[in-house]
Amino acid sequence: MIGTIDHVGYLTSDLEGSVADFQRRLGVEVVRRFERPQFFLLGAYLGSGSGELELFAFSDPEIQAERLAGREFVLDHVAYRVPDIAALQARMAAEGVRFSGPDLRGEVTEPFDLDGALHLWTVPETCGGQALQLIQPPA
């Protein structure tokens with residue numbers, strides 16, 4: 001039910017500094033940038049377009065401070081492409097996993113449609129302490 005890795009997401013206190021560091025150290029280029037104002041998110045994807053790195057920050061200082069918990073940079077989540085997000089969500093929910101948006105504030109019962117793809121994030125405390133992002137690409 002779970003597919004390939006879509007990306008690995010890192011939360012950073014300095015988005016542009018982290019982008020420059022990854023470009024210099026790994027020789028990867030920015031593939032695309034994004035803003036998701038509804039979640040106070042801004043970020044960049046780096047890499048070849050397959051198994052990318054996502055570097056992101058929250059524009060809301062309270063969310064940013066809470067999620068970083070005094071750190072400058074943290075591995076936040078791994079995102080997987082899935083063929084049927086509703087079926088996987090039902091299976092995981094039956095095991096006690098709960099879901100939220102990318103800001104991990106407030107639980108949700110339906111996937112988010114972002115640019116035609118469906119997305120869910122697991123609440124870490126209900127999923128082995130890890131946040132997973134599930135993505136069902138557009139048909």
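Student: Does Glu 52 count as buried or exposed, and at what relative accessibility?
Tutor: One thing to keep in mind is that this is a predicted model. To read burial, look at the relative accessible area: buried means under 20%, and exposed means over 50%. Glu 52 has a relative accessibility of 6%, so this residue counts as buried.

Student: Which strands pair with β4, and in what sense?
Tutor: For pairing, look at the bridges between strands and at the direction in which they run. Strand β1 (residues 5-12) runs parallel to β4, joined by 5 bridges. In that pairing, Val 8 stands opposite Leu 53. Strand β3 (residues 41-46) pairs with β4 in the antiparallel sense over 6 bridges, and there Tyr 45 has Glu 54 as its bridge partner.

Student: Back to Glu 52: which side chain meets Glu 52 in a salt bridge?
Tutor: To read a salt bridge, look for a side-chain nitrogen of Lys or Arg within 4 Å of a carboxyl oxygen of Asp or Glu. Here the partner of Glu 52 is Arg 32, at 3.1 Å from N to O. This pair links distant parts of the chain, with Glu 52 in β4 and Arg 32 in strand β2 (residues 30-36), 20 residues apart. Arg 32 counts as partly exposed, at 39% relative accessibility.

Student: How many salt bridges does the structure hold?
Tutor: It holds 9. One of them joins Asp 21 to Arg 24, with the closest N and O atoms 3.0 Å apart. These two are 3 residues apart in helix α1 (residues 15-26), so about one helical turn separates them. Asp 21 is partly exposed at 25%, whereas Arg 24 counts as exposed at 57%.

Student: Which residue forms a salt bridge with Arg 105?
Tutor: That is Glu 62, with the closest N and O atoms 2.9 Å apart. Arg 105 lies in the loop between β6 and β7, and Glu 62 in helix α2 (residues 61-68), 43 residues apart. Salt bridges that share partners join Glu 62, Glu 66 and Arg 105 into one network.

Key
Residues are numbered from 1 along each chain as its sequence is written. This is a predicted model: local features need pLDDT of at least 70, side-chain atom pairs count only at pLDDT 80 or more; totals for chains, interfaces and linings use all residues. Side-chain values use heavy atoms; hydrogens and water are left out. Two strands pair if DSSP finds at least two bridges between them. Helices (H or I, at least four residues) and strands (E, at least two) are DSSP runs, numbered from the N terminus. Buried means under 20% relative accessible area, exposed over 50%, partly exposed in between (1.4 Å probe, protein chains only).
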